[in-house]
Amino acid sequence: MPCQVRIPTPLQKFTGGAEAVTCEATSLPTLLVELTGRFPELKERLCEPDGRPRRFFNVYINDEDIRFLGGDNYQFAPTDEILILPSIAGGCN
Amino acid sequence: MSFGPYFERGLRCRDCGKQFPSQPVAGCDACFAPLEVIYDMEGIRRAVTPQQLGQRPETMWRYRELLPAGAEGAPERPVGGTPLLAAPRLAKALGVRELYIKNDAVNFPTLSFKDRVVAAALSKARVFGFKTVSCSSTGNLANALAAGAAAEGFEAVILTPADLEEAKIIGTLVYGARLLKFTGNYDQVNRLCAEIAQRHPWGIVNVNLRPFYAEGSKTVGYEIAEQLGWRLPGAVICPMAGGSLIGKIAKAFDDVQKLGWVTEAPVRICGAQATGCSPISLAVKEGRAEIQPQRPNTIARSLAIGNPADGFYAIRTIAQSGGWADDASDTEISEAMGLLAETEGIFGETAAGVTVAVARKLIQQGRVQTGAPIVLVITGNGLKTLDAVLPPSTPVPTLAPKIAEVEAYLASLGAGDANLTEAPLASVR
């Protein structure tokens, strides 16, 4: 089932300006694979060279930190709103 | 009073090293890691000596060459320059030889160390032309920003969790700031601020002004070194919320060694948290490099940050310095607030209780006794957290105003109160 992923402002230039993207992935690891596959410039920003997610961004499911929901093991529900946010975001263009 | 040029040279990513010109942004656009302000340290070394610093007023601006570049003619309020007090009675109670208290509980103007980081942030907000400043806060930052914004002519919008102590709410509203309270905890409010920063032209001091804001904390470290006679302590015990202060104190000690202002010496940087919100101390004790976030549950509401933004760096600073971290229960925290007040006459808030209670544990573990002084960083005033103070061990009597009642009361006291009946050397008529 498709889910909505909100993209933080600093990364929207790599998604063609899209503030939200619809994805088919069902968990965080597969979401990262899908996003970086569709938008290759995101890979360097979101992932370490070995593919693990970078330390300084957080993922929220319906405003809850995904680490409280099981992290990589959490299975997305169809109505979940997924937010990717730098852990210390900032800057208004 | 003008002291000459600034030595700020912009921003640098703490992870990938990418550099940026000075601007209101908190994170690296390449890797999202936090940014820090960089300086021309060689230029500072040539420009100023500790002897020259010694001639300046005793405020945080004494160290202005080591702070971000401000606007010409900007106000320099008398923030910082708080006492470093020898604490022999607390030292004896804790079983150590030489203990000092860095007392930001009396900082100007709102009685916490946050006055320093606000002063640094507002200096930069002025340079960037912000008219409105903002923050997410567990309380002390709200007070400090509200006061600083009023004094320096900014609008302030302040966001806090709804369960904030009454004293901290009143202590924010009184300055005319706009306060928004939110259901949920600080971490949720902080996340919201990150989203707000992307949409509104506000100087959010702990988000898009964060690198400049954080620099204010270094002045705690510079002052400790100077007040010890340009000497480094053997260990510092510092409370941790977001994890920024402890790292900046360590940075300050590095700076004064690089500048040759002190003899190089190792300092054990130690952190203190509440057991009910201990993501950093648990990571240190379990030997993990990464934070596992928690949902906070502690009376130490000023430290109730379950997802500390600088937690990763705090762990690293502690580990690299040979320091340690521990945490204290709510009961231990309240008791330690009482111990600090009763031994040294200092009324610190819950974070101070955390620091003293953890100091006791670290001393028992033998982690801070190096032969050089131990410094406890007291970050806020107890008047702001009255609900955490334990009631007195004996009830307070209410007597009729008759001498017989006083005599009866004194007669009822035990041997432990002999001081009350002991006559001075000159006899009392």
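Tutor: Angles under 35 degrees count as roughly parallel, over 145 as roughly antiparallel, 65 to 115 as roughly perpendicular and the rest as oblique. This is a predicted model, in which local features need pLDDT of at least 70, side-chain atom pairs count only at pLDDT 80 or more, and totals for chains, interfaces and linings use all residues. Residues are numbered from 1 along each chain as its sequence is written, while chains are lettered from A and ligands numbered from 1 in the order in which they are written.

Student: Why are helix 13 of chain B and helix 14 of chain B called roughly perpendicular?

Tutor: The axes of helix 13 (residues 330-344) and helix 14 (residues 350-364) of chain B cross at roughly 90° and come within 7 Å. Axes are lines fitted to C-alpha atoms, for helices over the stretch in contact, with angles from 0 to 180 degrees between N-to-C directions. Helices themselves are DSSP runs (H or I, at least four residues), numbered from the N terminus. The two helices of chain B are therefore roughly perpendicular to each other.

Student: What makes the contact between helix 13 of chain B and helix 14 of chain B?

Tutor: Contact requires C-beta atoms, placed from the backbone, within 7 Å. Among the residues in contact are Ile333(B) and Leu340(B) of helix 13 of chain B, and Val354(B) and Ala357(B) of helix 14 of chain B. By class, this contact has nine nonpolar, three polar and one charged residues. Ala, Val, Leu, Ile, Met, Phe, Trp, Tyr, Cys and Pro count as nonpolar, Asp, Glu, Lys and Arg as charged, and the others, Gly among them, as polar.

Student: Into which domains is chain B divided?

Tutor: An automatic or database domain assignment supplies the bounds: domain 1 of chain B covers 8-78 + 114-214, and domain 2 covers 84-110 + 217-388. Their centres, taken over C-alpha atoms, are 21 Å apart. The contact takes 28 residues from domain 1 of chain B and 33 residues from domain 2 of chain B.

Conventions: Contact = placed C-beta atoms within 7 Å.
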